[in-house]
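Open your viewer and get ready to select a few side chains and helices. We will go from one stop to the next.

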Amino acid sequence: PEDASKAIDQLAKIGDRASIDEISKELVRYNPNCLQSLLIRQEVLNVFNRVTEACPIVEKLVPQQPWELLLWQRQLICDSTLSTSNAQLAELTWPYLKLALKKVNRERPDYLSLLILASFNSILLGRDDEAIQYFENSMDAKDKFDVNTSAEFQAWEAEPFNSNSRVLLLRLKALLN
């Protein structure tokens with residue numbers, strides 16, 4: 001996987017999307033249970049906006065890396081339902097999410113993203129009052145952040161962890177209604 005990753009980096013520099021896709025696909029075929037192979041493949045699929053194809057891989061990865069909250073966020077984008085498997089994943093990710101909330105800079109969009117995840121986790125874990133509180137906090141943060149148009153803030157919002165927060169916020173709102 002390390003060599004494939006280097007090859008993908010080089011192919012990305014020259015813009016050869018077809019080869020990147022093929023290498024990442026072959027990497028998983030050759031190493032179907034290798035964590036790094038799966039991480040590379042799901043990332044390639046997400047970068048190519050083929051999220052639906054990445055979803056089965058993401059669901060496999062969350063239990064292996066519950067501290068990677070971007071993967072958990074992607075899982076919720078794939079399937080924001082209150083399924084049993086998502087409830088189990090919420091249980092696994094919860095300790096890492098709580099730690100991230102304690103450490104986050106509340107002036108960055110990461111804070112909003114983490115609040116949204118915390119609300120989802122709370123719903124999935126049957127903690128409805130807590131879910132509503134996190135949701136209300138996320139709405140307050142969203143309102144505060146909506147007025148920030150600095151280039152630095154916009155770059156933070158474009159980061160993979162933050163770019164899908166608004167989609168999840170809409171799904172969260174629908175779940176809580």
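Is F153 buried or exposed? Select F153: its relative accessible area is 0%, so F153 is buried (under 20% is buried, over 50% exposed, in between partly exposed; 1.4 Å probe, protein chains only).

Before moving on, please note that this is a predicted model, where local features need pLDDT of at least 70, side-chain atom pairs count only at pLDDT 80 or more, and totals for chains, interfaces and linings use all residues. Residues are numbered from 1 along each chain as its sequence is written, and side-chain values use heavy atoms, with hydrogens and water left out.

Next, show the aromatic rings. The whole structure holds four aromatic pairs (ring centres of Phe, Tyr or Trp, for Trp the six-membered ring, within 6.5 Å; planes under 30 degrees apart are stacked, over 60 edge-to-face, the rest tilted). One of them joins W94 and Y134, edge-to-face at 6.1 Å centre to centre with 80° between the planes. W94 sits in helix α6 (residues 84-103) and Y134 in helix α8 (residues 128-146), 40 residues apart (helices are DSSP runs of H or I, at least four residues, numbered from the N terminus). W94 is buried at 7%, and Y134 is buried at 18%.

Terms used: Helix = DSSP H or I, 4+ residues; strand = E, 2+ residues; numbered from the N terminus.
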